[in-house]
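Hi everyone, thanks for coming. Let me put the structure up, and then I'll walk you through a few spots on it.

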Amino acid sequence: MAEGDSEDRTEAPTARRLQRARDEGDVAQSRELQLIAGFAGGVAALFMSAPSLLRSFAHDMAGVLDHAGTVDLDVGLVASLFVVGARPGLMLLLLVGGCALVCSLGVGFAQTGFLLRAENLLPKFEKLDPRNGLKRVFGLDGLVEGARSVLKLLILCVIAYVVLKPAVMSIAARGALDAGSQLRLIGAFCTRACCLMIGLQVALSGFDVLWVRWRRTNKLRMSRQDLKDEHRQSDGDPLVKGRMRQLRMRAARRRMMETVPKATVIVTNPTHYAVALAYEKGSGAAPKVVAKGADDVAWRIRQIAREHRVPIVPNPPLARALFTLPVDSEIPREHFRVVAGVIAFVMQMRRPEQGRGTGL
């Protein structure tokens with residue numbers, strides 16, 4: 001939707017619009033939250049694994065130094081020493097990087113609801129258009145991102161100054177300390193710096209989560225015409241629905257009229273209502289309403305009945321009572337006696353030689 005139409009988009013997005021945007025890959029995803037998750041995971045892995053790896057490294061190097069003057073250096077020995085020295089660093093790098101990656105991806109999937117779309121992995125050449133790049137840089141999102149990056153850089157510089165200055169002064173003042181004590185002192189200052197940076201990133205990520213969600217909701221806002229169009233798409237065009245309803249009613253009426261020639265008797269009002277009853281002798285089932293109608297439909301039922309010589313019996317009270325029943329329903333017990341009399345009369349007309357009615 002054009003930017004100029006934003007003033008008309010005053011309505012909150014509907015659930016259907018939000019779901020459609022999600023299906024297209026448009027979700028509220030905070031990069032800052034993923035960054036802090038990866039950073040915190042990497043720092044946690046560093047502090048949990050570094051002490052043991054450093055102790056292992058110191059133990060291996062102590063063994064090497066103890067025999068420094070008693071062995072001849074060759075290519076194989078140098079390679080072994082390199083492996084011994086590099087192994088702890090590689091293990092630390094793998095642990096920290098792996099933990100940071102897992103935490104970052106986990107938070108990303110949690111934000112998107114584990115949404116995976118193959119289309120997002122394909123290159124989009126429209127992103128190479130310099131005009132689109134300028135819009136992203138100088139648009140509202142680009143300005144907010146730039147201001148946030150500058151603010152983050154300034155705060156990190158302040159944190160580095162606040163932490164590193166006392167650290168350097170403390171180490172210089174305690175120059176007589178052994179290497180282990182100096183490493184513990186450096187570790188304490190690094191821990192403080194990491195805690196401050198994590199706190200900063202948590203605050204920025206909280207702001208970023210709110211900003212991303214607000215921007216997505218604002219971008220998906222709808223105009224009143226959008227709401228009407230969506231309502232029409234979901235519920236159908238009223239004109240089309242009315243036409244379909246007419247066609248269904250016409251088809252149902254046609255099927256109903258096809259049952260009139262097979263009816264046992266037509267009970268009438270005598271002109272306003274007509275109810276067709278079907279009864280199969282010996283079936284044990286009650287008579288059933290197979291067709292009914294008022295005015296023009298009643299006239300058509302009577303006409304079809306005359307064409308197929310179906311008996312027509314005027315009985316206004318019974319016709320009005322049976323007209324309230326749905327088609328294809330059996331008559332209730334309170335009408336058994338009256339209907340039985342009507343059907344018995346019809347049976348006598350058809351077979352006068354029997355001279356008796358048919359009971360229910």
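So, to start: is Arg309 buried or exposed? Arg309 is exposed, at 77% relative accessibility. Here buried means under 20% relative accessible area, exposed means over 50%, and partly exposed is in between, with a 1.4 Å probe and protein chains only.

Some housekeeping. This is a predicted model, where local features need pLDDT of at least 70, side-chain atom pairs count only at pLDDT 80 or more, and totals for chains, interfaces and linings use all residues. Residues are numbered from 1 along each chain as its sequence is written, and side-chain values use heavy atoms, with hydrogens and water left out.

Back to Arg309. You'll find Arg309 in the loop between H9 and strand E4 (312-314). Helices (H or I, at least four residues) and strands (E, at least two) are DSSP runs, numbered from the N terminus. Arg309 isn't a glycine, yet its phi is positive, near 55 degrees. Most residues other than glycine have a negative phi. Asp295, also not a glycine, has a positive phi of about 55 degrees too. Asp295 sits in the loop between strand E3 (288-294) and helix H9 (296-307), and is partly exposed at 45% relative accessible area.

Next, surface patches. These take residues with over 30% relative accessible area and no salt bridge, joining like charges within 9 Å and nonpolar side chains (Val, Leu, Ile, Met, Phe, Trp, Tyr) within 5 Å. A salt bridge is a side-chain nitrogen of Lys or Arg within 4 Å of a carboxyl oxygen of Asp or Glu. Areas come from the Shrake-Rupley method with a 1.4 Å probe, and for residues only the protein chains shown count as cover.

Val158, Tyr161 and Val162 make a nonpolar patch, together about 290 Å² of accessible area. Tyr161 belongs to helix H5 (residues 140-173) and is exposed, at 53%.

What about Leu210? Look in helix H6 (residues 179-219); Leu210 is exposed, at 62% relative accessibility. Its C-alpha atom is separated by 8.8 Å from that of Ser30, 180 residues apart along the chain.

Last stop, helix H10 (residues 316-323): which of its residues are buried? They are Leu318, Ala319 and Leu322. Seen down the axis of H10, these fall within an arc of 100 degrees, so they line one face of the helix. That arc uses the directions from the helix axis to the C-beta atoms.
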